[in-house]
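Take a walk through this protein.

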Amino acid sequence: DRPVFNIVQHANGKLNLEELLRLDVKDSGRPGGGPRPLVLLRNVRISGGSVTLRLQDLLSPGDSALEIDRFGTDGRRRIRRFEHVDAWLAALRISAPRERGIRIDIARLAFQSSDPHLTLADAAGRITVTGDTLDADLVRVRFPSSQFSARGRVSWPGGPILWDLALRADSATLTDIAFIDPRFPPGAVLRGGVAVRSHGPRVLEVRLDPLDVAYGGGTLTGRVTAFSAADTGIVAVRQGDLVASDL
């Protein structure tokens, strides 16, 4: 009930969580060191929680608006805050002898995030966090005005978030996912398949197939692949096959 978690990554890449649970220490009683311990929690329920991630981050153009940890000399840390966390986790595996990463089996999850800025109303499925990479297989993701499923990977290798996700949207209001690209038109509602892939920190590829968008009193159907650059907007459109109509 109302727990506060502060996850800190040191300049050497290790997390304070690893030190707390001694996951970075081998079992000296076994020849050559022993396997990692099994740390598994079941039926975890969190109400009104707060999670702060302080992860190592490189200086990059345009990040002056981000919250950066000013304390200490142990690297440059970018702060991401998750407030009002309400969750039911069927299983939370923090460590395992033969598997890396933290695995979370989610029955229910809701929070408000500062970086990226979003409100998650509900989610269900499995995520695995290994280092600076999150692998997701979510059968349900619900934002205030959107619902879809998602599979793929999100990573943050010392800089901007990189996307490699496939989404299937029952109904997605694009302003709900403006954290992927803030230039999505406000009020547009999308149905269909969406593939989002980063080509480096600047270029984002968005493939819509099939595409069904309602916007401004009309509809747009078909399929299209668009590329956008962080500082210039759309730079290329490929494989376009679109039909526009009025409602």
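Helices (H or I, at least four residues) and strands (E, at least two) are DSSP runs, numbered from the N terminus. By that count the protein has 1 helix and 14 strands. The model is predicted: local features need pLDDT of at least 70, side-chain atom pairs count only at pLDDT 80 or more, and totals for chains, interfaces and linings use all residues. Residues are numbered from 1 along each chain as its sequence is written, and side-chain values use heavy atoms, with hydrogens and water left out.

How confident is the predictor? pLDDT is its confidence in each residue, from 0 to 100. The protein averages 84, and 88% of the residues score at least 70. Among the elements, strand β5 (residues 102–114) has the highest mean, 95. Strand β14 (residues 233–246) has the lowest, 69.

Of the 247 residues, 40% count as buried. Buried means under 20% relative accessible area, exposed over 50%, partly exposed in between (1.4 Å probe, protein chains only). The protein exposes about 14,100 Å², by the Shrake-Rupley method with a 1.4 Å probe. Carbon and sulfur atoms supply 55% of that area. Contact means heavy atoms within 4.5 Å. Of the contacts with a separation of 6 or more, 44% come from residues 24 or more positions apart.

Next, strand pairing. Two strands pair if DSSP finds at least two bridges between them. Strand β2 (residues 39–56) runs parallel to strand β1 (residues 4–8), and 5 bridges join them. There F5 stands opposite V51 in β2. β2 also pairs with strand β4 (residues 77–95), in the antiparallel sense, over 14 bridges. Here L53 stands opposite R80 in β4.

Finally, the rings. Rings of Phe, Tyr and Trp (its six-membered ring) pair if their centres lie within 6.5 Å; planes under 30 degrees apart count as stacked, over 60 as edge-to-face and the rest as tilted. The structure holds 2 aromatic pairs. F82 and F111 are edge-to-face, 5.3 Å centre to centre with 85° between the planes. This pair links distant parts of the chain: F82 is in β4, F111 in β5, 29 residues apart. F82 and F111 are buried. F143 and F148 are also edge-to-face, at 5.6 Å and 75°. Both F143 and F148 are buried.

R45 lies over W88, at 4.2 Å from the ring centre. The criterion is NZ of Lys or CZ of Arg within 6 Å of the ring centre and within 35 degrees of the ring normal.

Definitions and conventions:
pLDDT = per-residue confidence, 0-100.
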